[in-house]
Protein chains: 2
Amino acid sequence: MNTPARLIEDLRSRGQRATPQRHAVFEALWENRSHPTAEAVWATVVEHMPTVSLRTVYSVLGELVAAGEITQVDLGTGASRFDPNTSGHHHLVCDRCGMVVDVQVDHDDVRPTNSAINHLSADAHRARDGDGFRVTGTQIVFRGMCSRCDASDPPPPPPHT
Amino acid sequence: MNTPARLIEDLRSRGQRATPQRHAVFEALWENRSHPTAEAVWATVVEHMPTVSLRTVYSVLGELVAAGEITQVDLGTGASRFDPNTSGHHHLVCDRCGMVVDVQVDHDDVRPTNSAINHLSADAHRARDGDGFRVTGTQIVFRGMCSRCDASDPPPPPPHT
DNA sequence: CGCTGATCAACATGGGTTGTTGATAAGAAC
DNA sequence: GTTCTTATCAACAACCCATGTTGATCAGCG
């Protein structure tokens, strides 16, 4: 994502308003690599602006996603997570505490080959008609356990925000 | 997953009961490559056993997942999907209609190298302590549009079950 | 200053999933 | 067939995440 200052400029140029709430959400996300949930973002914002509502945070996050400034990722950890790092990268997820870490991958040119599509259902066959599926994005998720969870068997540590 | 007949045997050997409802769910999943949601499984089952409740289908699906007979995949299409194909493969998802197709991948040895883990947060650093993250599974999701959706601009076709 | 968009609190709604209840059905073992 | 016990049923309620709604208030911007 762009810097908070830049995002504020963009708002003005689009005729939207540079509110302190929006700015606070921008700041909470800027250089944030923890892949926070909406609630986690809200928790950060509220530290400095106690009156901001969770509803407003959801709105601003939605705007940022729509503008392509951040990415909304659903890694099956219950709630959506928001990632200000929009450059190509992948994720490593701890299945116990939900912690998410950015990773780069050896073969970043991973692609499904049309010839390799197998086990085709009737729908899949139809999907391949007319030059087949058009792939617009690739998401790689590595699942497992972080060393902290791996070390402490039960009970699991509190879920990572 | 194993054959319905085999799963019935397994139930008996575990002291559980081979009910027709369980059998019907097994049959609905057997060789089913459509990645059905719980409701879709229920719809199939109900065709032959109209009295089966959705609640029971959820229970049986949960048992199968726990037994490792099927995989529960969350591909961000709203509801969880259930996949009786537990052998290593990946998925291709249409972002418009939600259709899911199994795919094989060129480089199936895709791995995150410890040296390639970057942008580490404090938590991630801790995660790498003691030999780092233990990766137990890799999930690759290709996103895009199937040809059917690609051809018909708006409005989108009915969501794929 | 005035217009209007943004935010607020509080609430309702929605989908997906799980839990609970008490009653009933029906496997499994004998 | 009898008995014991598990599954299932229907009908709920509850949960979480997310979004929509309301009417009032605030405040950015020209």
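The structure is a predicted model, in which local features need pLDDT of at least 70 and side-chain atom pairs count only at pLDDT 80 or more, while totals for chains, interfaces and linings use all residues. Residues are numbered from 1 along each chain as its sequence is written, and chains are lettered from A and ligands numbered from 1 in the order in which they are written.

Helices (H or I, at least four residues) and strands (E, at least two) are DSSP runs, numbered from the N terminus. Strands of a sheet pair through backbone hydrogen bonds, either parallel or antiparallel. Two strands are taken as paired if DSSP finds at least two bridges between them.

The two protein chains share an open sheet of six strands with mixed pairing, in the order S4(A)-S3(A)-S5(A)-S5(B)-S3(B)-S4(B). Strand S4 (100-103) of chain A and strand S4 (100-103) of chain B stand at the edges with a single partner strand each, so one side of each has no neighbour in the sheet. On average, neighbouring strands of this sheet are turned by 25° against each other, direction ignored; the axes behind such angles are lines fitted to C-alpha atoms, for helices over the stretch in contact, and angles run from 0 to 180 degrees between N-to-C directions.

Strand S5 (residues 134-145) of chain A runs antiparallel to strand S5 (residues 134-145) of chain B, and 11 bridges join them. Here Ile140(A) has Ile140(B) as its bridge partner. Within chain A, strand S3 (residues 90-94) pairs with S5(A) in the parallel sense over four bridges, and Cys94(A) is partnered by Gly144(A). In chain B, strand S3 (residues 90-94) is likewise joined to S5(B) by four bridges and runs parallel to S5(B); His91(B) stands opposite Val141(B).

A residue is near a strand if its C-beta atom, placed from the backbone, lies within 6 Å of it. Around DNA strand C there are 24 residues, of which Val52(A), Ser53(A), Thr56(A), Ala18(B) and Ser80(B) come nearest. Two or more residues are given to this surface by each of helix H2 (20-29) and helix H4 (54-66) of chain A and helix H4 (54-66) of chain B.

DNA strand D is surrounded by 25 residues, the closest being Ala18(A), Ser80(A), Gln16(B), Ser53(B) and Thr56(B). The elements giving two or more residues are H4 of chain A together with helix H2 (20-29) and H4 of chain B. The largest share, four residues, comes from H4(B).
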